[in-house]
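User: Could you walk me through how to read the pocket and helix features of a protein model? I would like the general idea each time, and then the case at hand.

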Amino acid sequence: RSSDLVGLALLALSPASAAQADPCEVIEDYLDRCAVHGWSGVVYVEFEGIVLLHRGYGLADRGAKRLNEADTLFEIASATKPITACAIFALIEDDRVALTDSIADHLPGVPDDKRAITIEHLLAHTSGMPRTAAGGHGTDLAAAVAAYLAPAPARPPGTEYEYWNGGYALLAGVVAEASGETYQDFCRKRLFER
């Protein structure tokens with residue numbers, strides 16, 4: 001459990017235990033034991049600009065028995081939503097988009113019956129699209145937009161809250177289109193490297 005890991009890290013890094021053992025060795029030993037019991041992940045520990053530990057543990061793909069490596073990428077699901085929202089607000093700050101913009105102003109192939117959906121509707125989960133609306137994937141933005149917006153709206157935009165992951169996927173497309181960069185590059189430069 002992450003709370004156990006935090007507790008162990010604090011204990012391992014305390015002055016009393018530092019004299020007894022290398023904190024990184026204590027943490028690595030603990031994580032190795034966790035991995036034996038099914039835990040998996042990548043751990044990165046940095047202190048005062050020095051990387052103390054950066055290693056994968058356990059399996060990245062249980063079916064294929066593929067091990068985690070230090071550079072394994074993970075699907076972090078809804079943890080990207082606040083990052084996407086910050087990217088949208090950075091674009092608003094830069095006068096590249098507005099909350100009231102139709103998504104059709106920034107995304108290719110938005111069907112006529114979805115043109116009333118605004119950036120604000122996607123941010124607030126009030127697009128009118130049903131929660132069950134499946135989505136697209138891959139690197140073809142037009143195909144993803146078509147897939148996410150294929151179902152009929154459940155209600156008019158702005159009338160009711162309904163959590164929809166697809167809205168944030170579309171916002172990632174808005175970030176890329178409005179910035180002229182990939183979503184990752186824009187977020188890295190505009191949000192994380194400042």
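Analyst: Happy to. Let's begin with helix 7 (165–179), which gives the most to the lining of the largest pocket, with seven residues. Helices here are DSSP runs of H or I with at least four residues, strands are runs of E with at least two, and both are numbered from the N terminus. This is a predicted model, in which local features need pLDDT of at least 70 and side-chain atom pairs count only at pLDDT 80 or more, while totals for chains, interfaces and linings use all residues. Residues are numbered from 1 along each chain as its sequence is written, and side-chain values use heavy atoms, with hydrogens and water left out.

User: How is a pocket defined, and which residues are closest to the centre of the largest pocket?

Analyst: On a 1 Å grid over the protein atoms alone, a pocket is an open set of points where a 1.4 Å probe fits, with protein on both sides within 12 Å along at least five of seven lines; lining residues have an atom within 4 Å of a point. Grid points are joined across faces, edges and corners, and the volume is the space filled by probe spheres set on the points. Here the largest pocket holds about 1300 Å³. It is lined by 34 residues, and E75, T80, A172, Y183 and Q184 are the closest to its centre. Helix 4 (81–93), helix 6 (141–148) and helix 8 (183–192) are among the helices that each supply at least two lining residues.

User: Which residues of helix 8 are buried, and why do they lie on the same side?

Analyst: Buried means under 20% relative accessible area, exposed over 50%, and partly exposed in between (1.4 Å probe, protein chains only). In helix 8 the buried residues are Y183, F186, C187 and R190. They share a side of helix 8 because they cover an arc of only 95° around the axis, the arc being that of the directions from the helix axis to the C-beta atoms. These buried residues pack against helix 4 and helix 7, with contact meaning heavy atoms within 4.5 Å.

User: What does helix 3 carry on the face turned away from its buried side?

Analyst: That face carries the exposed residues E25 and V36. The buried residues of helix 3 are P23, C24, I27, Y30, L31 and C34. They cover an arc of only 130° around the axis, so they fall on the same side of helix 3.

User: Is H37 buried or exposed?

Analyst: H37 counts as exposed, because its relative accessibility is 72%. H37 sits in the loop between helix 3 (23–36) and strand 1 (41–47).
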